[in-house]
Amino acid sequence: MKLIALDSSGLTASAAILEDDILLAEYTVNYKKTHSQTLLPMLDAVASMTELDLSAVDAVAVTAGPGSFTGLRIGSATAKGLGLALDIPVIEVPTLAALASNLWGASGLIAPIMDARRNQVYSGLYRFEGGRLITVRDQQALALTELIDELKALNPSDGVIFLGDGVPVSRDLLDRELPVPHSYAPAQSNRQRAASAAVLARRLYEEGRYVSADAHAPVYLRKSQAEREREKQLKTGEGPQDPFSQAARGQHGGT
Amino acid sequence: MNGNTDILAIETSCDETAAAVVRNGREVLSNVIYSQISMHTLYGGVVPELASRKHIEKINAVIRGALSEAGTTLDEIDAVAVTYGPGLVGALLVGTSEAKALAWAARKPLIGVNHIEGHICANYIEHPELRPPYLGLVVSGGHTHLLIVRDWTEFEIIGRTVDDAAGEAFDKVARAVGLGYPGGPKIDAAARSGSPDAIVFPRAKVNSSKYDFSFSGIKSAVLNYLNHAQMTGEEVCTADLAASFQKAVVDVLCSHTAEAAKEFGIREVAMAGGVSANSALRAEMERVCRENGLHLSVPSPVYCTDNAAMIGVAAWHEYQNGRFAGWDLNAVPGLRLGER
């Protein structure tokens, strides 16, 4: 089988083409430019270098979340467009499982962490058993201190490996508060890579775990701020806010 | 590929997920719009993050709908067009990312379209006789521009709002008097049973340019009126207030347009944008144009509010000029009129 894999969930943009267990191409860039400007040109580059016959592509995989809301949507909309045009399904790969897959074969608990802002991280816990990635605890948004408590309780004898863009902002606290032996993955494997997503996606595809391009939407793991505020208001029974503070939100871009 | 040029157009700049197929820049073969208004009404206005989330959920179904309603397929389409600005950045990115992937995978040329230019071009759908040069008035929730359309893709802005867009003023006033969102249609409806001369609100003068607009002054006058009424225990007649406020906005829009037509010696006028669906504005502009011997074009309401058909029309002019976008096309939330 042949698949295109995309990741634009964080600061990195990445595109890969996988054919069975051969990685034909991978293009990963972690630079200032917006994913909207880089992702499709990158896909175009790997496709033309590998003389990709689009009619032979079976599915498109995308890291579906969590991640930056806008970044996820750039990847998702791209995947949906490819799916629609090529009449192929979308394989939704959990971002943190894809990140954990970067460390294939590692012994120890794998804890990818992404900066989720608002004093939280997105994290899941994974482990390789018999060459397969096992989810110990599914991805979720939580406070770093909660993750530390969780790891203390689990106290894995073979230690913990951290990776992801949440590491730079979490490292100090982890080193100070986590007595469990731990290490940090190096640069070649500590950020999102479409190749890892592709390999996981192939397994999901073979298990029949994919969706139609129309049905695909990102997994944000978090409601929008407006929804959270509204729920809070409804709960506390407060009336609507001052109409003019709300009015400030009416930032129309069009009609 | 039958001698005709069929363009698939996609529009996601604000709170409508829309797709259309337009033939030869004039004939609308399909025009599918998924409106998110009911969701945003809960929040009293468009919530950008929710708009973006909804766009992602609906976009494929909307595109599929546009293709099948037009009785065509992506293969038979000649180009894919998409709004890349101005608008909400997150919302625009859904449309641009989708359109790029579609065009890339289907090996079709890609065309980036300015949303405001799209609004203006909406006029060509039902007024094929309209051709540049003419005077254009674009009034919407995000924009208020008076401009001279010099050529199909050449625009000269002669007046713009210095503060709120006209539609924004409608939204804010509607919210203040408890009519809710969206303000335009709500005020329009309430005003029907009110007197436009009941309350006199100021017609703001702007110092920057004689064709510029200011609507925050009118809005503040309405608020002051409401506060005053509240303090003195006076009852406010919502219908009168809506009609009087609406008249103040409409007067300014119409008088600026008539004056500019006179000064620049232009006899063709075209109105566009969501606010041009307002019944009082349509009626008054009609009257003012007739009185001044001007010919007025206004799109049907469905082509006034956000839609993709207008994007397909604007794209056709780019197609003819051979102006295509690259795969690095980005959303430009502050895209200016005429910017390429």
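Okay, let's start where the two chains meet: the contact takes 55 residues from chain B and 39 residues from chain A. By contact I mean that two residues have their C-beta atoms, placed from the backbone, within 7 Å. On the side of chain B that touches chain A, α2 (48-69), α3 (89-106) and α6 each supply at least two residues. The one that gives the most is α3(B), with 14 residues. Split by class, that side of chain B has 27 nonpolar, 18 polar and 10 charged residues. For those classes, Ala, Val, Leu, Ile, Met, Phe, Trp, Tyr, Cys and Pro count as nonpolar, Asp, Glu, Lys and Arg as charged, and the others, Gly among them, as polar.

Quick housekeeping. This is a predicted model, where local features need pLDDT of at least 70 and side-chain atom pairs count only at pLDDT 80 or more, while totals for chains, interfaces and linings use all residues. Residues are numbered from 1 along each chain as its sequence is written, and chains are lettered from A and ligands numbered from 1 in the order in which they are written. When I say helix or strand, I mean DSSP runs numbered from the N terminus: H or I with at least four residues for helices, E with at least two for strands.

Now chain A by itself. Chain A has 8 helices and 10 strands. Its radius of gyration is 20 Å, close to the 18 Å that the globule rule gives for 255 residues, so chain A is as compact as a globular protein of that length. That radius is taken over C-alpha atoms, and the rule is 2.2 Å times the number of residues to the power 0.38. Along the principal axes, the C-alpha atoms of chain A fill a box of roughly 60 × 55 × 35 Å.

Chain A is divided into domain 1 (2-96 + 192-206) and domain 2 (99-189), with bounds that come from an automatic or database domain assignment. The C-alpha centres of these two domains of chain A lie 24 Å apart. Their contact takes 12 residues from domain 1 of chain A and 13 residues from domain 2 of chain A. Which elements give two or more residues to the domain 1 side? Those are α3 (95-101) and α6 (194-206) of chain A, and α6(A) gives the most, with 3 residues. The residues of that side divide into 6 nonpolar, 5 polar and 1 charged.

On to the strands of chain A. β2 (residues 13-19) and β3 (residues 22-29) of chain A pair in the antiparallel sense over 7 bridges; to pair, two strands need at least two bridges found by DSSP. A:Ala13 stands opposite A:Val29 in β3(A). This hairpin has 2 residues between the strands, and A:Asp20 takes a positive phi near 50 degrees there.

Then look for an open sheet of 5 strands in chain A, with the order β8-β7-β6-β9-β10 and mixed pairing. At the edges stand β8 (132-142) and β10 (182-184) of chain A, each with a single partner strand, so one side of each is left without a neighbour in the sheet. From one strand to the next, the twist averages 20 degrees. Inside that order, β6 (residues 109-115) and β7 (residues 121-129) of chain A pair in the antiparallel sense over 4 bridges, and A:Asp115 has A:Val121 in β7(A) as its bridge partner. Lying across β6, β7, β8 and β9 (160-163) of chain A is helix α4 (residues 144-154) of chain A, which runs at about 25 degrees to β7(A). For angles like that, axes are lines fitted to C-alpha atoms, for helices over the stretch in contact, and angles run from 0 to 180 degrees between N-to-C directions.

Last, chain B, with 12 helices and 10 strands. A compact globule of 340 residues would have a radius of gyration near 20 Å, and chain B agrees, with 20 Å. Chain B is divided into domain 1 (6-121 + 304-320) and domain 2 (132-298), with C-alpha centres 27 Å apart. Between these domains of chain B, the contact takes 14 residues from domain 1 and 20 residues from domain 2.

One helix pair to finish: the axes of α6 (residues 166-176) and α8 (residues 216-232) of chain B come within 10 Å and cross at roughly 5 degrees.
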